[in-house]
Amino acid sequence: MSWHGHLNLDYRLDGERTIAHDRHDGPLRVLQRLYPEGDRVCHHVLVHPPGGLVGGDVLDIAMQLQAGSHALITTPGATRFYKSMGAEAVQSLVAKVADGARLEWLPLETLAYRSCMATNRMRFELAPGAEMMGWDVLALGLPAAGEAFDDAAHQQGRFTQEIELPGVWLERGTVRASDARLLDSPLGWAGQRVMATMWLATGTPMSRERREALLESARAIQLAHPLSARAGSTSPHDAVVILRVLADRVEPAMNLLTQVWAQWRQTAWNMAPCAPRVWRT
């Protein structure tokens, strides 16, 4: 039996406090609102009690951030896409961020198990004056346990990922277990099995000076990091800056991302980092 989960999150200001109304159907919900850095920023932990998705499962997340609100959303653990017997598992997120609102989409890693058939789709619609930071960390197989992303019998495993900022940036690609050229070529994944992508995006084009400041801060951290040879930062559009890194394990990639996130918070928003407590448990 497949699971279908739907979650709707609506963030808005109540005075100076960001509050959230949530509605859910099926195995997908958020825990209690947390305010570790004051009323303005609402921290939420997104929970999927079954612990992973199998073929036929569908999770839909819709969120709206009203003007002036600020939400930081994370997860308590990895999102897991398990082996499929043929049906596809899909997770879909659509976020609409209003003028003056800020979103931080910071889930922990996604694990694509051997023989999964999966799609992870994200769309972020930013109004003029809206801003966001987000990341996505994809691990193929179980790198820490030495389990490969392959299917020795049928070579049918695949993972499709989509990240979209309409009119600004579209990342869409499929990784197949049988595609050794992509997975092992130095022009592809270069034998690594973790790819992390991080971005800061705005609904209004950034000035060149602001984009350069964000890129310079990211590159300074990259140069001092053990993954420096496999990391790069760029700005393909004047409304987004992007960091990408390849790694053999999740932990070093996440370490780099959290350092850049902390610095970008200071550089872009003049805010000190406040890491969610769940990251330390």
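Is Thr110 buried or exposed?

Thr110 is buried: its relative accessible area is 6%, and the cut-off for calling a residue buried is under 20%. Please keep in mind as you read that this is a predicted model.

Leaving aside residues up to four places away in sequence, Thr110 touches Thr79, Phe81, Asn120, Asp136, Val137, Leu138, Ala139 and Phe159. One of these contacts, Asn120, takes us to the sheet, where Asn120 stands opposite Gln161 in β13.

## The seven-stranded sheet

Let's look at the sheet as a whole. Seven strands make up an open sheet with mixed pairing, and their order is β2-β1-β5-β8-β11-β13-β14. The edges are taken by β2 (17-25) and β14 (169-176); each of them has a single partner strand, so one side of each has no neighbour in the sheet. From one strand to the next, the twist averages 5°.

At the β2 edge, β2 pairs with strand β1 (residues 4-14) in the antiparallel sense, over nine bridges.

Strand β11 spans residues 117-126 and is mostly covered, with seven of its 10 residues buried. In the strand order, β11 stands between β8 and β13.

How many bridges join β8 to β11? There are nine, and strand β8 (residues 89-97) runs parallel to β11. Within this pairing, Leu93 has Met122 as its bridge partner in β11. Towards β13 (residues 158-165), β11 is joined by seven bridges, and these two strands are parallel as well.

## Two helices packed together

Now for a pair of helices. Helix α2 (residues 208-223) packs with helix α3 (residues 250-269) at an angle of about 150°, and their axes are 9 Å apart. Angles over 145 degrees count as roughly antiparallel, and α2 and α3 are therefore roughly antiparallel to each other. The crossing of α2 past α3 is right-handed.

Which residues meet where these helices touch? From α2 come Arg210, Ala213, Leu214, Ser217, Ala218, Ile221 and Gln222, while α3 brings Leu256, Gln259, Val260, Gln263, Trp264, Thr267, Ala268 and Trp269. By type, the residues of this contact divide into nine nonpolar, five polar and one charged.

Conventions. Residues numbered from 1 in each chain as written. Predicted model: local features only at pLDDT ≥ 70, side-chain atom pairs only at ≥ 80, totals over all residues. Heavy atoms only, no water. Buried < 20%, exposed > 50% of the residue type's maximum accessible area, 1.4 Å probe, protein only. Contact = heavy atoms within 4.5 Å. Helix = DSSP H or I, 4+ residues; strand = E, 2+ residues; numbered from the N terminus. Pairing = 2+ DSSP bridges. Axes fitted to C-alpha atoms, helices over the stretch in contact; angles between N-to-C directions. Parallel < 35°, antiparallel > 145°, perpendicular 65-115°, else oblique. Left-handed = near helix turned anticlockwise from the far one by under 90°. Nonpolar A, V, L, I, M, F, W, Y, C, P; charged D, E, K, R; others polar.
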